[in-house]
Amino acid sequence: MRERVFSHCAQRSFDPFRMDARAGGINVRARVSEVVRVTVQVFDFFSGCGGASCGFRNAGMDIAFALDHDADARASFEANFPEAHFEFADIREVNDETIRRRVELAQPHPVLFAGCAPCQPFSKQNTQRPNLNNDERVPLLARFASLVESCRPDLVFVENVPGLQELDSDSQPFGDFLGRLDLAGYRVDYRALCMAKFGIPQTRRRLVLMASRHGAIKLPDETHGPGTPNKRYTTVRNWIEDLPRIEAGEEHEAVPNHVAANLSALNLERIKATEEGGGHRNWPEQLKLECHKSFSGYTDVYGRMAWDAPASGLTTRCISYSNGRFGHPEQNRAISVREAACLQTFPEGFIFRGGITSMARQIGNAVPALLAERIGQRFKEHLAGVGSLF
């Protein structure tokens, strides 16, 4: 018999910081709270709903500022971070002096700039691969670099798809960004990280960069998997098994955002014919799409998750059964908004605003909260070594 991580009752209470048991028992906040006494002030650019801010707050930092121009993401962010100033604007249009004044108000506390720009132009899942020179999202990283140069925060964090560092010589936004950080006096560490190795129940890989104006900085050590203190990865079961059952198209009355997309009669038959961890390859012929009969690719679409393994990487369509391995392991539906949020390691009390499609997009675009918490811990350990500066 497998031990459930949490029991569930209909009138459960939601603790916005309840994630340590699911992450493998590592209480990051308890450790880092003693590392430095100064409180890092976070400026979250391209904040979305606040995945990075959530993790940094859990690591004991203050969320001072956020910027985005998505209305639903703003509503979600403000619902969860009422203490922060939210600038509803396009980063390309905001004035440097506006940001500088807020940085000065935050000092002498150390300031962290987080800049997780939209990643779609660089994603390997972007099969169309548009001309990067004509994609308006590509210069966003350069604009973030300009704000770093102008405001000179103590710390910098960037998270994006690994494809950002693998572009050919025709366009090198990441290489240019590294060069500008170097000229501005920052020491940098970056590499592609597997989220499962940091307690996050996904096989997703992300490019993560940490930079400091106060000496050498190093990315955190892996916490899960072979050769780590937690030899096993956390799984889908660890993070969503305790949520109550719902049907496709249903919303639970007591659990915020526990709502699942509806399924057509045909897709309902398809998911009923799909075993845990399986996909469309094992369907009877009458349920198969014509394109799947002649092409063996796209193995994850119309797939169910497996209980005792990490999920595949969540996307902006993470609640759509037909768009990935997003089927619930045993219930005949896609995962709910709340389940997707759990797999992105958002605390259970984190509230999302907007329609169901918008909430899924916000979750898929977000930095996994637990990743930001691990990064926040490392930043605070780093600052402890230069504590005399503050």
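A residue counts as buried when its relative accessible area is under 20%, and the exercises below apply that cut-off to a predicted model.

**Exercise 1. Which residues of helix α5 are buried, and against which elements do they pack?**

Solution. Start with the extent of the helix: α5 covers residues 140–151, and at 1.5 Å a residue its 12 residues should span 16 Å, which agrees with the 17 Å between its end C-alpha atoms. Next, apply the cut-off along the helix, which gives L140, L141, R143, F144, A145, L147, V148 and C151 as the buried residues of α5. In an α-helix there are 3.6 residues a turn, so residues that lie three or four places apart point the same way. Finally, look for the partners of these buried residues, which pack against the strands β1 (41–45), β4 (111–115) and β5 (155–160) and against the helices α4 (96–106) and α6 (173–183). Just after the helix, R152 takes a positive phi of about 50°.

**Exercise 2. Describe how α5 packs against α4, giving the angle, the handedness and the residues in contact.**

Solution. The axes of α4 and α5 are 10 Å apart, and the two helices pack at an angle of about 50°. Because angles under 35 degrees count as roughly parallel and those from 65 to 115 as roughly perpendicular, this value makes α4 oblique to α5. The crossing of the two helices is right-handed. On the α4 side the contact is made by D96, I99, R100 and V103, and on the α5 side by R143, S146, L147, S150 and C151. Sorted by class, the contact of α4 with α5 holds four nonpolar, two polar and three charged residues.

**Exercise 3. Carry out the corresponding analysis for α5 and α6, stating the angle and the classes of the residues in contact.**

Solution. The axes of α5 and α6 come within 10 Å and cross at roughly 5°. An angle under 35 degrees counts as roughly parallel, and α5 is therefore roughly parallel to α6. From α5 the contact takes L141, A142, F144, A145, S146, V148 and E149, while α6 supplies P173, F174, F177, R180 and L181. By class, the contact of α5 with α6 has nine nonpolar, one polar and two charged residues.

**Exercise 4. Where are N257, T345 and P108 found, and what is the backbone geometry at each of them?**

Solution. As background, most residues other than glycine have a negative phi, and most peptide bonds are trans. N257, which is not a glycine, has a positive phi of about 65°, and this residue is found in the loop between α7 (236–240) and α8 (265–272). Because its relative accessibility is 9%, N257 counts as buried. T345, which is not a glycine either, also has a positive phi of about 65°, and T345 is found in the loop between α10 (337–343) and α11 (356–365). With a relative accessibility of 0%, T345 counts as buried. For P108, the peptide bond that joins Q107 to P108 is cis, with omega about 15°, and P108 is found in the loop between α4 and β4.

**Exercise 5. How many helices and strands does the chain have, and what percentage of its residues is buried?**

Solution. The chain has 12 helices and seven strands, and buried residues make up 54% of its 390 residues. Turning to contacts between residues at least 6 apart in sequence, 66% of these join residues at least 24 apart.

Methods: Residues numbered from 1 in each chain as written. Predicted model: local features only at pLDDT ≥ 70, side-chain atom pairs only at ≥ 80, totals over all residues. Heavy atoms only, no water. Helix = DSSP H or I, 4+ residues; strand = E, 2+ residues; numbered from the N terminus. Expected span 1.5 Å × (residues − 1). Buried < 20%, exposed > 50% of the residue type's maximum accessible area, 1.4 Å probe, protein only. Contact = heavy atoms within 4.5 Å. Axes fitted to C-alpha atoms, helices over the stretch in contact; angles between N-to-C directions. Parallel < 35°, antiparallel > 145°, perpendicular 65-115°, else oblique. Left-handed = near helix turned anticlockwise from the far one by under 90°. Nonpolar A, V, L, I, M, F, W, Y, C, P; charged D, E, K, R; others polar.
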